[in-house]
Amino acid sequence: MKVDPGMFLLIMAMGAVTYVPRWLPLFFLSRKRLPFWLQAWLDLIPVAILSALILPELVATGNPRHLDLFRPELIVALPTLLFALKTRSLGGTVILGMALFWLTGKLF
Amino acid sequence: MTEHDREKLLGAIREGVKAAWPICLGYCPIGLAFGVVAQKAGMSPAEIGLMSLLVFAGSSQFIAVSLLSSGAGFLAVVLTTFTVNLRHLLMSSALALHLRRVTTPWITIFAYGVTDESFALNLARFRSSGPGSDWDWRRALVVNHVSNLAWVISTVLGGYGGAFIPRGSFGIDYALVAMLLGLLVFQLRGGLYVLVAVVSGFTAVLLSLVIPGNAHVIIASVIAATIGFFLSRGRGASQRAEPVDES
């Protein structure tokens, strides 16, 4: 159970700079009545973030990144997406996605 | 603590854990992988656990470790971590709408657990809560902390010898992607949301091809939400954001 003092300092600093952007909006925005336009804009943020997180993961790979439209990640995403639309079950979607991805790995 | 309070607390824990399991499942392979990588970069299991506990942001931890092993200095690692994790600023802003009347100490604890996954899951739950399912900040807090626990445990285990687990077992590497896909689907509550998702996704792909790192997430989200916002304004009051419940 060894923690190097230099590493400890680095971890603390990383923790601090990660925590502040998580805390600031929660602290300031949760106590104020937000103007309508800001609420309407923030309402669109989750769907935007999720899509921006996922799509590059599915269609781009490598370092530096390049397009690759024939990745198993993308092929499996289509039935998984349809299943989620139909069933609205998060657990089911995860299990199905894993199973299909595993099968795809076996087949190709 | 009265009988009623205890009942409420246990209920929140039960429902929070029930909701969080897909996140935990998704964290396991990534956590193990991080542990292996970090251990190879010279970190002890205690250091790995401490980093997972205090930073709790997967991609930035991977990046930090790879920077460290390539000899980067203190400031470079801290600045990169800050940039990579700046996207949480947007997530916390969106979550704040649902955390009114939560006291400052709880807000301070809650903020610690805001990740891509807990944010998306909690927000979907807050939105669908109504008669029959009442998602509140206590349940959301349980989701945050159960996920954190899964992350800490899996990264430390990885540090002890995750190399023995075969890669790609049971498609578990796909768990997080599938979960985020499911959560994205839950967010599509009308044409405007589909449009924003499409714009954001394509913008993010384009940007990700030209800028390294993950700044594309925050830039694409802001662009797409802003376009969607002005489009909905142009169309008048037909696509209003739902009023936020004060309770």
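Predicted model: local features only at pLDDT ≥ 70, side-chain atom pairs only at ≥ 80, totals over all residues.
Student: Why is α7(B) called roughly antiparallel to α8(B)?

Tutor: Helix α7 (residues 116-128) of chain B and helix α8 (residues 137-161) of chain B pack at an angle of about 155°. Angles over 145 degrees count as roughly antiparallel, and therefore α7(B) is given that description relative to α8(B). The axes of these two helices are 10 Å apart, and α7(B) passes α8(B) in a right-handed crossing.

Student: What makes up the contact of α7(B) with α8(B)?

Tutor: From α7(B) come Glu117(B), Ser118(B), Leu121(B) and Asn122(B); α8(B) provides Ala140(B), Val143(B), Asn144(B) and Ser147(B). Residues count as in contact if their C-beta atoms, placed from the backbone, lie within 7 Å. By class, three are nonpolar, four polar and one charged.

Student: Which residues form domain 1 and domain 2 of chain B?

Tutor: The domain assignment places 3-187 in domain 1 and 189-247 in domain 2. Ten residues of domain 1 of chain B are in contact with eleven residues of domain 2 of chain B. On the domain 1 side, α4 (74-85) and α9 (175-187) of chain B each supply at least two residues. That side divides into five nonpolar, three polar and two charged residues.

Student: What makes up the side of chain A that touches chain B?

Tutor: The contact takes 66 residues from chain A and 82 residues from chain B. In chain A, the largest share of this side, 20 residues, comes from α2(A). By class, the side of chain A has 47 nonpolar, eleven polar and eight charged residues.

Note on methods: Residues numbered from 1 in each chain as written. Chains lettered and ligands numbered in written order. Domains from an automatic or database assignment. Contact = placed C-beta atoms within 7 Å. Helix = DSSP H or I, 4+ residues; strand = E, 2+ residues; numbered from the N terminus. Nonpolar A, V, L, I, M, F, W, Y, C, P; charged D, E, K, R; others polar. Axes fitted to C-alpha atoms, helices over the stretch in contact; angles between N-to-C directions. Parallel < 35°, antiparallel > 145°, perpendicular 65-115°, else oblique. Left-handed = near helix turned anticlockwise from the far one by under 90°.
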